[in-house]
Amino acid sequence: MTDPARHPFQVKGEVAVFHGQLYRSRPAAGLWPYVELLPEPGHPVPEGLAPREAADGSVGYPVAPEHLEAWYAVTWTFRWRGELFECTAATSATLSGRYLGSDEHFAKAHLKGRGGRYRGVFPREEVTDLTEHREELLQPLHALVRRLDEVDHFRPKTYAVHRGRTYPAADEADASGLIALTTGDDRPEDLIADPRDPSGERFLAAPEQLDAWYRTHWTFRSEGEPFDVLGTVDGRLKAVYTGGSWGFANSWQLTPEKGPDGAPRFTVKVDLDGVTDLEQHRTDLLADK
């Protein structure tokens, strides 16, 4: 175990390992999923990385997560007189901490309180059970990157099934009632090549030639309100608000936009862990044909 008084990082924060070296770190704003390394003053900068200045004037070094050996959030806890504290600062002589226990009598007798929270500063020789806790960040980030990259996992899509094979398809039939299928290298003999497609990968099918034609889309709730997912942006779900509360849209500062039809709408970008009831839906498009 490393003592936080001699630890080269803050006693609470994120740490990344790059080329065997440990750095304070943070998510790289606007460069998701990159992580930004923050070398300590007077220490060597990360080799091979370009610096970037943040809005607050601090300088970080963005790095792709696949180039990191580790990335984790660290906190420290200790006990004083048998009671548990989260470490908030450390010097060579003292440890400061936020009380995590529930003994109100103990807290009022020994600690400084404000807003129902209690803190104290303690001589190091009186502290016991000093423990580092790590929350793994790198593997969950890799898993999220994979999920969001799975055929653009959350974007609305339309598919058609012809002779048991599923192809990406147009959302609507054309003026002659035919449906465009993107077949790639496959060349269905009973379908017509789309003359509007120079790549030769798109074919036209009549509805009766298809086993199925359907649209998929995702919905979720955020703060109890409903949204339709439009896709992903910087690792977050972008969605259009489908509820009817202007007050909600205003108070949560949703972004006003115009939809493809020119109609006004409100959108939001939200992390996966900020949504509930995430669900995929399937709409049968052949039902009306």
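Modeller: Strand β2 (residues 21-27) runs antiparallel to β3, and four bridges join the two; strands here are DSSP runs (E, at least two residues), helices are DSSP runs too (H or I, at least four), both numbered from the N terminus, and two strands count as paired if DSSP finds at least two bridges between them. This is a predicted model, in which local features need pLDDT of at least 70, side-chain atom pairs count only at pLDDT 80 or more, and totals for chains, interfaces and linings use all residues. Residues are numbered from 1 along each chain as its sequence is written, and side-chain values use heavy atoms, with hydrogens and water left out.

Now look at the two faces of β3 (residues 35-38). Val35 and Leu37 lie on one side, Glu36 and Leu38 on the other, and all are buried, so both faces are covered; buried means under 20% relative accessible area, exposed over 50%, and partly exposed in between (1.4 Å probe, protein chains only).

For contrast, let your eye move on to another pairing. β15 and strand β16 (residues 202-205) are antiparallel, with two bridges, and Ile192 stands opposite Leu204 in β16. These strands belong to an open, antiparallel sheet of three, ordered β14-β16-β15. Its edge strands, β14 (179-182) and β15 (192-193), each pair on one side only.
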